[in-house]
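I would like a close look at one part of this model.

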Amino acid sequence: MSSTRFPPHFAKTDHRQRSLNQMRSKQLGLEKYIYLNGLKGRDSDLFYDILLENMQEMIPILYTPTVGEACVNYSHIWRRPEGLYVSIEDKGRIRDVLASWPNFNDGRIAVVTDGSRILGLGDLGANGLPISLGKLDLYIAGAGIKPSSTVPICLDLGTNTQRYLDDPLYIGVRRPRPLGPEMDEFMDEFMEAMKEVFPTLLVQFEDFSTDNAFKYLERYRHQYRVFNDDIQGTGSVILSGFTNAARLSSAASGLPPSDHKILFLGAGSAGIGVAKQLLSFFTLSGLSPEEAKSRIYTVDSKGLITADRKGLQEHKKFFARTDYDGPALTDLVDIINHVKPTALLGLSTIRNAFTEKVVKTMCALNPRPIIFPLSNPVTLCELDYQNAIEWSNGKVIFASGSPYEALSRDGVVYEPGQGNNMYIFPGIGLGSILSRTRHVSDAMVEQAAIALANSLTKEEKAAELVYPRLARIRDISAQVAFAVIRQAQKEKLDDNAYLRTLPDSDLLGLIHDKMWQPPALQLRSFTRL
């Protein structure tokens, strides 16, 4: 719009506050999402300026839980091109499709989804693009990644969800998903084309189906600059929160860190990914890898996972128990009484799976039980915070995947933790970009978790928090990025030799300096011609 079209005294008003008021006037989360999406299209600098000042309010709209609703309805709320779709029909010319992206020479980070398992909501097909858009908004807000260097991608490979195939407004290709060799050939071509078109790009896989999430991470992680946030990022952020939670639990019970036992409800890509990352908690406590594995138990829809179960999926075999040969244990309370865990983690996407009886059983076994219901969005969460506090009489050490409000009970304020991947993946991304790492190693992810765990302030520790407050996200991301860079250097995975010459304080300062900031509103001209 030409500046001559602005009202005469527009520049004398606070347009940021006006925009905030407009967003807040919307009654539904999806309406707020649509408004913010439009604001980003009209004035991205203003959008990010507002986001940085109001992250606690806006992140639940741009990402979980509201982004799930946006994905489910995306074909119906679509308004303008926002990201890059690469279709199964583009096979053989994927490089040309990628090269059509504006400013592709600036590309530094891409979030890639195939829409097959969005936030536990199932196969959403081409409707999955908002998950890539939302994730990149968090990279920008949380770590200062420059917006023009981000590339949101949805792989439009079809969908097995019939209601979308039948929907006349569905924006994706209308076919079932490819299997086996057809999918592998597409992914191989896609990854090679990404490397050719975006040679300095970090690829983050997001919300692939469980089997494909593990498969393609292992297939490409040593060949390309790639990581999977569902597997590695979720695991890292939970490792961090669990480290602080175990410290609080051990202080109450006197139990050594190595004696903790963790029971997982949910054995998909996120559940097993988190479980594997938590092995580090035990090995860092002095246990051998085999001893560490023995401290972790997994449960799926059929009950406690044991090695003698017929037809066991490959990714579930790692933690399958070999020390139980009794009748199948299928009831969660029975499993808790058998295992006697100090921690119960949920990644099942089963709403209210942690019943009052489950919580009270955990409390009977532990002075301060660790209960992390981590499934997103809130509608799929295993336990609401208010119930956790009431049923445990405030003893529970709690962190969830989605945000909950603080509670006051008997004059005590209880502040919930949120195992939000935003604490981890922006710093991993920034550190990988700045160090120009060739690969993202397990040790880099582990060091990111340790940096997050150590980022609590004295006041946050006194409040018995397991995660720092999100308002400090850029400071937290800088500490995570610092740890990632130093680990990349230690493993000789970095191609930025200059960073090796910097003392720690100078490197931390450089990380902060590299964080993008939206132009100050007062410096932007609205002068009438």
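Q: Which residue does the side chain of Arg-93 meet in a salt bridge?

A: It is Asp-90: the side chains of Arg-93 and Asp-90 meet with N and O 2.9 Å apart. A salt bridge here is a side-chain nitrogen of Lys or Arg within 4 Å of a carboxyl oxygen of Asp or Glu. Side chains of opposite charge can pair when their charged atoms come close.

This is a predicted model, in which local features need pLDDT of at least 70, side-chain atom pairs count only at pLDDT 80 or more, and totals for chains, interfaces and linings use all residues. Residues are numbered from 1 along each chain as its sequence is written, and side-chain values use heavy atoms, without hydrogens or water.

Arg-93 is partly exposed, at 45% relative accessible area. Asp-90 counts as buried, at 9%. (Buried means under 20%, exposed over 50%, partly exposed in between, with a 1.4 Å probe and protein chains only.)

The structure holds 33 salt bridges. Take a second one, between Asp-114 and Arg-177, at 3.7 Å from N to O. Asp-114 sits in the loop between strand E2 (109-113) and helix H8 (129-143). Arg-177 sits in the loop between helix H9 (162-165) and helix H10 (180-197). So the pair ties together parts that are 63 residues apart in sequence. (Helices, H or I of at least four residues, and strands, E of at least two, are DSSP runs numbered from the N terminus.) Both partners are buried: Asp-114 has 1% relative accessibility, and Arg-177 has 12%.

The loop between E2 and H8 also holds Arg-117. Arg-117 forms a salt bridge with Asp-230, with the closest N and O atoms 3.9 Å apart.

Now to helix H8 and what packs on it. Helix H3 (residues 44-53) has Leu-46, Phe-47, Tyr-48, Asp-49, Ile-50 and Leu-51 as its buried residues. These residues pack against helix H1 (15-24), helix H2 (29-42), H4 and H8.

Helix H4 (residues 55-62) contains Ile-59. Ile-59 counts as buried, at 4% relative accessibility. Leaving out residues up to four places away in sequence, Ile-59 touches Leu-51, Thr-64, Leu-138, Asn-420, Met-422 and Leu-470. Contact means heavy atoms within 4.5 Å. Leu-51 in that list is one of the buried residues of H3. By contrast, Ile-59 and Asp-166 are 107 residues apart in sequence and 32 Å apart in space, C-alpha to C-alpha.

Thr-210, Ala-213 and Phe-214 of H11 meet Ser-269, Ile-272 and Gly-273 of H13. The axes of helix H11 (residues 210-220) and helix H13 (residues 269-284) come within 8 Å and cross at roughly 45 degrees. (Axes are lines fitted to C-alpha atoms, for helices over the stretch in contact, with angles from 0 to 180 degrees between N-to-C directions.)
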